[in-house]
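Open the model in your viewer and keep the selection panel at hand. The tour goes stop by stop.

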Amino acid sequence: MRPTQLAQLERILIFGNGGTGKTWLAREIGDILHRSAIHLDDLRWLPGQYGVARDNQLVFDEVVEAGEAETWLMEGVYGWLANAVLRRATSLIWIDLPEEECVANVTARGIQGGGSEENFKALVEWIKEYRQRDNSSTCYSAHQKLFKAYTGTKTILRDRDQIDEYVESVRALTA
């Protein structure tokens, strides 16, 4: 479902597997709405040390605090952090692309945030296992539960055309 009212764009939560384009979509929407995106990876990992996690409670508290704002645009893979702000979201977007496409996207962008080659290889393997693993809030089944539990305006984007169409629907709504 595409947004039909500006009020649905007040607090937007974007989630999905690694490499789906969550950050890209958040930047595009943010540019249209003149709003900065909150990247959950930036909160989760130590600055300049991607792969070195910060304290869970501290990160959770920061996400809750950010979620109390009147407007926000948040993106990330972490279901446990998404759940912290889900009740406040006015739109939920799940980007659900095939793992092969996600791996290609991550491979094209390369190592980020001071990550190591070892962490990058682990990330690629982790992305490949999105639909198979079921022991975390970052897997397909957890994202599916998150999406089903949300009762507001929600959208699943399954390919690049749908992602581009969503961006254009936001642009048209704000024109």
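A pocket is an open set of grid points where a probe fits, with protein on both sides within 12 Å along at least five of seven lines, and its lining residues have an atom within 4 Å of a point. Bear in mind that this is a predicted model.

**Stop 1: the largest pocket**

Start with the centre. Select Asp41, Tyr50, Arg109, Gln112 and Leu123. Among the 40 residues that line the largest pocket, these lie nearest its centre. The space inside comes to about 970 Å³.

Now colour the lining by class. Expect 18 polar, 14 nonpolar and eight charged residues.

Which elements supply at least two residues each of this lining? Select the helices α1, α2 (40-44), α5 (99-109) and α6 (117-128). Which of them gives the largest share? That is α6, with five residues.

**Stop 2: α5 against α6**

Keep α6 on screen and show α5 beside it. Two packed helices are described by the angle between their axes and the distance between the axes. Here the axes of α5 and α6 come within 9 Å and cross at roughly 160 degrees. Angles over 145 degrees count as roughly antiparallel, so α5 is roughly antiparallel to α6. The crossing is right-handed.

Next, show the side chains at the contact. From α5, select Glu99, Cys102, Val103, Val106, Thr107 and Arg109. They meet Phe120, Leu123, Val124, Ile127 and Lys128 of α6. By class, this contact holds seven nonpolar, three charged and one polar residue. Arg109 and Leu123 were also picked at the pocket centre.

**Stop 3: α1 against α8**

Select residues 22-33 for α1 and 160-174 for α8. Their axes come within 10 Å and cross at roughly 15 degrees. The cut-off for roughly parallel is under 35 degrees, so α1 runs roughly parallel to α8. This crossing, too, is right-handed.

Which residues of α1 meet α8? Show Trp24, Leu25, Glu28, Ile29, Ile32 and Leu33.

Note on methods
Residues numbered from 1 in each chain as written. Predicted model: local features only at pLDDT ≥ 70, side-chain atom pairs only at ≥ 80, totals over all residues. Heavy atoms only, no water. Axes fitted to C-alpha atoms, helices over the stretch in contact; angles between N-to-C directions. Helix = DSSP H or I, 4+ residues; strand = E, 2+ residues; numbered from the N terminus. Parallel < 35°, antiparallel > 145°, perpendicular 65-115°, else oblique. Left-handed = near helix turned anticlockwise from the far one by under 90°. Contact = heavy atoms within 4.5 Å. 1 Å grid on protein atoms, 1.4 Å probe; cavity = no way out; pocket = protein on both sides within 12 Å on 5 of 7 lines; lining within 4 Å. Points joined across faces, edges and corners; volume = space filled by probe spheres on them. Nonpolar A, V, L, I, M, F, W, Y, C, P; charged D, E, K, R; others polar.
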